[in-house]
Amino acid sequence: MKTFELVVSTPNGNAYDDKVLEISVRGVEGSLAVRAGHIPFITSVCAGEIRITNPEADDFIAIISDGILTVTAEKTTLLVGEFELKQ
């Protein structure tokens with residue numbers, strides 16, 4: 001499976017920057033997933049959880065605040081006020 005670059009930026013700097021297989025997050029119009037090759041778009045995301053699948057096919061979850069998700073051919077960027085890995 002192809003990977004893509006995910007950057008999660010907060011007011012304190014980049015909280016995450018790595019290659020991933022997939023992310024799942026809740027947008028304002030419902031849940032969505034992004035994989036490599038997804039069409040470009042921008043949407044608002046709701047506070048809650050983001051599930052990130054890395055190339056080793058391990059999932060982990062982080063808690064995020066409201067924010068903006070931008071998907072381009074080069075990378076996917078999530079701008080949020082808070083990002084905290086869930087234990």
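1. Contact is taken here to mean heavy atoms within 4.5 Å. On that basis, and leaving aside its neighbours within four places in sequence, Ile-52 is in contact with Leu-6, Tyr-16, Val-20, Glu-22, Ile-23, Asp-58, Asp-59, Phe-60 and Phe-83.

2. The model is predicted, so that local features need pLDDT of at least 70 and side-chain atom pairs count only at pLDDT 80 or more, while totals for chains, interfaces and linings use all residues. Residues are numbered from 1 along each chain as its sequence is written, and side-chain values use heavy atoms, with hydrogens and water left out.

3. Thr-10 has its place in strand β1 and counts as buried because its relative accessibility is 17%, where buried means under 20% relative accessible area, exposed over 50%, and partly exposed in between (1.4 Å probe, protein chains only). Apart from neighbours within four places in sequence, Thr-10 is in contact with Ala-15, Val-80, Gly-81, Glu-82 and Phe-83.

4. The count of salt bridges comes to 3, each being a side-chain nitrogen of Lys or Arg within 4 Å of a carboxyl oxygen of Asp or Glu. In one of them the side chains of Glu-22 and Arg-35 meet at 2.6 Å, N to O, linking distant parts of the chain, with Glu-22 in strand β3 and Arg-35 in strand β4 (residues 30-35), 13 residues apart. Glu-22 counts as buried at 18% relative accessibility, whereas Arg-35 is partly exposed, with a relative accessible area of 45%.

5. A salt bridge also joins the side chains of Lys-86 and Glu-49 (2.5 Å, N to O). Because Lys-86 lies in the segment after β10 (83-85) and Glu-49 in strand β6, the pair ties together parts that are 37 residues apart in sequence. Lys-86 counts as partly exposed at 45% relative accessibility, and Glu-49 counts as partly exposed at 40%.

6. The side chains of Arg-51 and Asp-59 meet in a salt bridge at 3.7 Å, N to O. Arg-51 is partly exposed, with a relative accessible area of 37%, and Asp-59 counts as partly exposed at 43% relative accessibility.

How values were computed: Helices (H or I, at least four residues) and strands (E, at least two) are DSSP runs, numbered from the N terminus.
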